[in-house]
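Hi,

Here is the structure I promised to pass on. Have a look at it first, and then read my notes below.

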Amino acid sequence: MTLDITGLRVSIGGKEILRGVDLRLQAGRVHGLAGESGSGKTMTGLATLGLLPHGARTTGSIRLGERELLTLPPKELNQVRGGRIAMVFQDPATSLHPMLTIGTQLTEHMRHHLRLGKAEAKARAVELLGKVRIPGPEEAYGRFPHQFSGGMRQRIAIAIALACSPEVLIADEPTTALDVTVQAGVLRLLRGLCDELGLAVLLVTHDLGVMSAVADEVSVMKDGLVVESGPRGRVLREPEHPYTRALLDSLPDAELR
Amino acid sequence: MTSLLTIDDLVVEHRSPGRPVVRAVAGASLTVRPGEVVGLVGESGCGKSTLARAVCGLNPVTAGSIDFDGQPVTPLGLRRRKLTGIQMVFQDPYASLNPRRRVGDQIADGLRTARDTATSPADLLERVGLPREFAGRHPHEFSGGQRQRIAIARALAARPRLLIGDEPISALDASAQAQVARLMRDLAVESGAGLLFISHDLSVVRLIADRIAVMYLGKIVEVGDTAEVWANPRHPYTRALLAAIPQPDGLGVLPEELPGDVPDPASPPSGCRFNPRCPLVMDVCRDKEPDFGPVACWLHEPK
């Protein structure tokens with residue numbers, strides 16, 4: 001399944017945030033989206049899920065397979081959201097509900113989207129927790145988010161996103177809040193899941209190192225426009241656009257290379 | 001050269017009612033010389049920030065000593081502080097600047113501490129690379145990188161001999177991080193002050209630090225010259241930290257993973273603190289703690 005974004009424009013309060021974004025996500029591939037804060041990376045991710053703030057005006061097209069998402073009635077959009085397109089947010093400390101057990105958070109949307117019974121949902125949740133390598137998945141099922149470390153929480157957030165077997169996963173800075181050692185584990189997990197389940201992943205990150213480690217294709221955004229897009233090796237090694245070059249040169253070890 | 005700051009076997013404990021005592025810093029020793037930049041790195045929860053706060057007198061010391069210029073550092077109280085030679089730049093410039101005061105006035109506080117009547121806040125803004133007329137503005141008018149520059153200007157206004165940066169760049173945009181880090185280094189070295197730079201971003205520390213200290217679970221496990229540590233990391237933890245950094249080389253190499261999490265500092269493992277996660281663990285590591293330097297590991301025991 002592919003997700004095609006063409007000519008996506010978003011304006012909020014008369015200000016144009018995205019000025020014609022084109023992206024193509026393919027199954028089993030990780031598409032990295034780089035750029036400074038304020039360049040519209042996150043907005044692109046949110047627009048795909050129809051999660052833009054109130055009063056946002058969107059034009060262009062976002063197609064999941066043959067379906068146009070932008071004009072979908074809310075009821076049908078709700079089936080796509082969480083069911084076929086899922087999202088992992090930056091900070092697992094705030095994206096998980098602190099007062100619900102992770103079991104509840106893992107099964108709620110499964111029961112809704114997949115119409116599973118309680119026991120079936122639990123069995124699948126435990127299996128998912130095992131898949132994202134949470135030690136002791138059975139016991140973990142009944143625990144609360146604060147009982148896990150940051151890296152574990154992000155793994156749980158990934159498990160929740162994967163619960164309804166989505167075709168597209170949007171990961172918005174999934175490792176920015178984590179330490180390098182923990183980040184390495186989460187990146188390996190994301191890459192493995194992408195290959196194993198044939199997910200189309202949109203990885204939003206400002207870290208070009210992370211980008212280089214997991215992304216197959218890289219797009220660079222600036223001021224609401226994609227300025228450069230291409231295979232990872234080419235964009236990071238022989239950038240064509242001056243802005244990509246500037247981004248690479250601003251890295252701390254650029255002058256040591 | 002004599003050292004400016006000497007931390008000797010420092011222990012800092014956090015006590016909260018109904019919970020076990022957490023030993024955030026458990027016997028750490030470190031020195032900073034004048035004009036030297038020391039980078040302190042480690043995972044979150046290893047006690048880096050607690051160490052920095054203790055050096056400023058913001059956290060009471062349980063055991064060990066902190067000497068600044070031959071004088072012990074006393075806890076910060078309500079009285080007027082004599083020890084203004086240590087200044088700190090905090091992590092989040094959105095929280096460390098007063099939103100209701102003009103930035104010029106906040107910088108002037110620092111100047112008043114140093115009894116400096118010759119310098120104006122605008123001069124300091126110029127030194128950190130901001131236009132002079134910004135002194136009349138409020139913090140909300142600035143971006144994160146600019147705010148952090150203002151926080152640095154405020155710290156420098158007090159003419160510190162030791163500047164401490166507690167993750168000063170982690171709240172900033174990636175494109176501003178290297179700039180701000182280099183600015184801090186240049187300004188500190190220029191004025192002959194020492195700089196203790198705390199960060200979990202190793203690539204930035206490598207860029208600006210003369211020496212690197214690696215901290216794990218309240219202890220410093222390796223200290224050495226930056227280039228040396230980078231080229232030849234000796235402690236298995238340092239190696240794991242360096243191997244986990246993804247390189248922007250476009251090759252698609254997944255970084256090495258260090259299994260497990262940092263143990264709870266309230267109940268550290270026996271023996272070497274790194275032994276449950278160490279790939280090279282030996283029998284002696286489980287029984288005895290390596291309390292020597294510069295590399296606290298039984299593989300690198302000094303003869």
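One thing to know before we start: an axis here is a line fitted to C-alpha atoms, for helices over the stretch in contact, and angles run from 0 to 180 degrees between N-to-C directions. Also keep in mind that this is a predicted model.

As for handedness, the crossing of H4(A) and H5(A) is right-handed. On the H4(A) side, the contact is made by Gly103(A), Leu106(A), Thr107(A), Met110(A) and Arg111(A), while H5(A) brings Ala121(A), Lys122(A), Arg124(A), Ala125(A) and Leu128(A). Sorted by class, that contact has five nonpolar, two polar and three charged residues.

**The sheet**

Next, find the open sheet of six strands in chain A. Its order is E6-E7-E8-E3-E9-E10, with mixed pairing. At the edges are strand E6 (85–88) and strand E10 (225–231) of chain A, each of which pairs on one side only. On average, neighbouring strands of this sheet are turned by 20° against each other, direction ignored.

Helices lie on this sheet too. H11(A) packs on it and touches E3, E9 and E10 of chain A, with a direction that makes about 100° with that of E9(A). Helix H7 (residues 150–162) of chain A lies across E6 and strand E7 (168–172) of chain A, and runs at about 170° to E6(A).

**A closer look at E3**

Is strand E3 (residues 30–34) of chain A mostly covered or mostly open? Mostly covered: five of its five residues are buried. In a regular strand the side chains alternate between the two faces of the sheet. In E3(A), Val30(A), Gly32(A) and Ala34(A) are on one side, His31(A) and Leu33(A) are on the other, and all are buried.

E3(A) pairs in the parallel sense with strand E8 (residues 200–204) of chain A, over four bridges. There, Val30(A) has Val201(A) as its bridge partner, and Leu33(A) stands opposite Val204(A). Four bridges also join E3(A) to strand E9 (residues 217–222) of chain A, again running parallel. In E9(A), the residue opposite Gly32(A) is Val218(A).

Most residues other than glycine have a negative phi. Glu173(A) is not a glycine, yet its phi is positive, at about 50°. You'll find Glu173(A) in the loop between E7 and H8 of chain A. Glu173(A) counts as buried because 20 other C-beta atoms lie within 10 Å. Asp223(A) isn't a glycine either, and has a positive phi of about 45°. Its place is in the loop between E9 and E10 of chain A. Asp223(A) has 15 other C-beta atoms within 10 Å, so it is partly exposed.

**Where the chains meet**

Finally, 31 residues of chain A are in contact with 30 residues of chain B. Which helix gives the most to the side of chain A that touches chain B? That's H8(A), with eight residues. By class, this side of chain A has twelve nonpolar, eleven polar and eight charged residues.

Cheers

Key. Residues numbered from 1 in each chain as written. Chains lettered and ligands numbered in written order. Predicted model: local features only at pLDDT ≥ 70, side-chain atom pairs only at ≥ 80, totals over all residues. Left-handed = near helix turned anticlockwise from the far one by under 90°. Helix = DSSP H or I, 4+ residues; strand = E, 2+ residues; numbered from the N terminus. Contact = placed C-beta atoms within 7 Å. Nonpolar A, V, L, I, M, F, W, Y, C, P; charged D, E, K, R; others polar. Buried ≥ 20, exposed ≤ 12 C-beta atoms within 10 Å, placed from the backbone. Pairing = 2+ DSSP bridges.
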